Every structure is written in C-alpha cells, then in structure tokens.
Amino acid sequence: MTQKIASKKTESTRNRLAAEDAQKAGLLGRLSRGERLFYIIALVVLGVTAVPLVMRLAYGLTSTTDVNNLVPWGLWVVFYIYFVGISAGSFLISALSYGLDVKAVEPVRRIGLLVSILGVAIGGVFIGLDIGRWDRILNTFLYFHWTSALSWEVRFFLVYIVLDVIMLVTDIRLARNLTKTPQKSRNLLKILAMVNTAVTLLGVLGTEAMIFSTNETRPMWYGSFLPVKFTVSALVAGAATLLFLHLLHSKINGRARHAETQSFLSRALMWGLAADALMLFFEFFVPVMSAEQDEMAVLKWMTTGPTWWTFWIVELLLGIVVAFALLAKGGSDKPRFSLWGAVFALVGLVAVRYNIVVPPQIRPLLDGYNAGSFEPTIHEWLITIFLFTAFALIYYSAVLLFPAINSSEKDLSPALSK
C-alpha cells in the first residue's frame, strides 16, 4: 500500500515536471512584461558596453586602463577578488545545508551553487582582462612550482569549479526525482560539500589571499592577516548575495519567502559585518600602536586621500553601519529592510576590495621614488558594467530554464521529503 502511494506521488511529480519541460519550450512567450523589459535592457547594456571591451581586446591593457608600472593592479583585480568572494561565500553558506543539514539554508542552497559557479567564472574574466600577456596563461597550468601561490590557485580553482558543477547537477536531478537512488545522491552531496569546503577555505580563499600576503614590498598586504580578512569578507558576501536573491525572487517571481531563511541569513550577515568591523579596528590599531610608518602612510591615504569617500562613506557608513541597522530592523518579518541591508552590504564590499588592492600600491616602494596614482578610466567602468550585466543575465536565464534551482526540495516534490 505504501509503495503504491509513493509510486502515485512519484508519477504525479514526473507529470508536473514534464509539464514544466513543455512550458520551457515556449520560454520566450511565457516571460512577463517585467522579464521581457529586463532582457531588453540587459541586451542593450551589453551592446553598448561591448564597444570598450572590443577596444581592450584590440588595443591592449595600457590603452584602455590607468594601470601602470607603479600601480599594476587596478579596478579589474578589485572585482576579481569581489566576485571570487561572492562565489566562495555563497558556496560556504550552501554547504551548511548539504554537510550539516541546516534547514534554513535549504531553500537557497542550489542558488548558492549557481552563484558559486558564475561568480568564479566572471571573476576569471575580470582577471583575464587584467593580464597583458594572454599567450602565457597556459604556462600556469603547464608548469608548477610548490612555492608559487598562483600555481596552487589555478589548480584549486579547477577542482572547485568541477565539484560545484557536479553538486549542482546532482542536486537538480535529486530535486526533479531523476535519480534511482536518492539516498546515495544525498550522501554524495554531503561528501562533496565537505571536500569542497576544505578546497574553498584553503585552496580558493587561501591561495588568493597568499598572492597578496606574500608580497613583502607592499604594506598592509604582507603577513597572515589578509587570509582571515578574505574569509570573513567572503562569508559576508555570500550571506548578502543569497539573502538579496532569495528576497528578490520572492518579490518579483512570487516565490515563497521562507521567514527562517531570511532570519538565518540576516543574522549571519550581521555577525559577519560585526566581525568585519572588528577586523577593521585592528587593521588601524596595530600600525598606530606600533608606529609602523609605511602602513600608517597607506591608512592616511585611504582615509584622507582623493578616494577617502570609498572608506568613510561607502565601506564604513553604508557597508557596515547602515547595512547593519537595516538588517536589525528587517529581522524575519520585514523583507524590504533585509533586502536593502543586503544591497548596502554588497556595495560596501566593493569599497572593501578597492581599499585592499589600490592604497598599498600608492605608497612608493622605496623612499625617494615617485608615489603611484590610479583613477579608473571610463573604459574600465563600462567593461565592469558589461560583466555585471552578463552575470545577471546568465543567472536569471539559468533560473528560468531550471526552476529547481530556485525552489526548496519540499516545494518541488513532496515525495522526496525525508
């Protein structure tokens, strides 16, 4: 009797999913007016901003950016570590559902995997654009040296992406009841989540931070502080991104809003912002107390230089104070406040990344040398807009094509509930 009931539920689930597949065939016709407008605007933006991208590919790095011998890492390195942080943080939050069975994360876990894959892909495009000699990219894969952070990084990134893709495909198949052994699939997801968590912490965030922190010539980079800062900022980025997307989907697509998910992600984000603020305090406190002149010069430029507003207004005021206040107000029952809290946190993280990358390069490498200078060009900003738009377009298209990504397991298939 139980088997017959389960069989009927499974058959019903398959019929409904088949109907979804049939609807997908007419995807363009099913788009709402708002979704069509989104696609039109996105495609127009891509068309306009593709012009400077073509110029970058045709004329090289120095003709379209303000990077130079004194400041070789500019805006695209900023957004490289920004998107990698979003990617790693989104995965780590999702892994709580797979590895520790945290129920509050379950509605956004597949979103987290998708963002993880797209984030590292877009980040890779950013750093690719910042490379002057593309003909040497393959050398990072062909040659290996165990003391090279870059050698480790590219290999860890490959493992990370492969595991992400395997997990997402497996979980979509599980949610759509396309696997004959659901329990084995769940066990596989748990194992992969634990393995990829280690890869994320040590291989993705760790090696990325090491590229900066092993550079003895740059104050505020050298040392063991940055790997911790990168990890905390990644968790902030992941919680903010998943909270934003969950609430955005519930608003524009009519998806169910899970109060426990909103509450969990809001609290995680608030704790992350508090940890970020504490680290920021010690980032200033230690150089001042030790009278470390090089680091104090970097901090002075950061807080009083031409881009002082990125620190005081964007990073500190909007990214921490305003974001924290909105999240506290939002709680679990006021999604609008939580949504804007996540937005301000993500905006603040851009300034965090900028102030990690640029100010330490302004300080002269040796006394008597010229100080560096950097101001992003219009080409850099337009190409950045191109990649942000591409990220949004690919993400939303994937969610439309695979509805299981943005649905909780119990909503998709009651027969699959444990």
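## Terms and model

Buried here means under 20% relative accessible area, with exposed over 50% and partly exposed in between (1.4 Å probe, protein chains only). Helices (H or I, at least four residues) are DSSP runs numbered from the N terminus.

The model is predicted, so local features need pLDDT of at least 70 and side-chain atom pairs count only at pLDDT 80 or more, while totals for chains, interfaces and linings use all residues. Residues are numbered from 1 along each chain as its sequence is written, and side-chain values use heavy atoms, with hydrogens and water left out.

## Helix α3

Helix α3 covers residues 33–59, 27 residues in total. From its first C-alpha to its last it reaches 40 Å, close to the 39 Å expected at 1.5 Å a residue; the expected span is 1.5 Å times one less than the number of residues. The helix bends by about 35° at A50, where the bend is the angle between axes fitted to the seven residues ending at a position and the seven starting there.

An α-helix has 3.6 residues a turn, so residues three or four places apart point the same way. Just after α3, G60 takes a positive phi of about 95°.

## Helix α4

Helix α4 (residues 75–100) has 26 residues, which should span 38 Å at 1.5 Å a residue. Its end C-alpha atoms are 37 Å apart, in agreement with that value. A kink of about 30° is centred on S94.

Of the 26 residues of α4, 24 are buried, so the helix is largely enclosed by the rest of the structure.

## Two buried serines

S185 sits in helix α8 (residues 182–213) and is buried, at a relative accessible area of 10%. Its side chain makes a polar contact of 3.2 Å with the side chain of T179. A polar contact is a pair of N or O atoms within 3.5 Å; within protein, one must be able to donate a hydrogen and the other to accept it, and residues adjacent in sequence count only if both atoms are side-chain atoms. Not counting residues up to four places away in sequence, S185 touches T170, L174 and T179 (contact: heavy atoms within 4.5 Å).

S338 belongs to helix α13 (residues 335–357) and is buried at 0% relative accessibility. The side chains of S338 and Q262 are joined by a polar contact of 3.1 Å. With residues up to four places away in sequence not counted, the residues that S338 touches include L243, L247, Q262 and S266.
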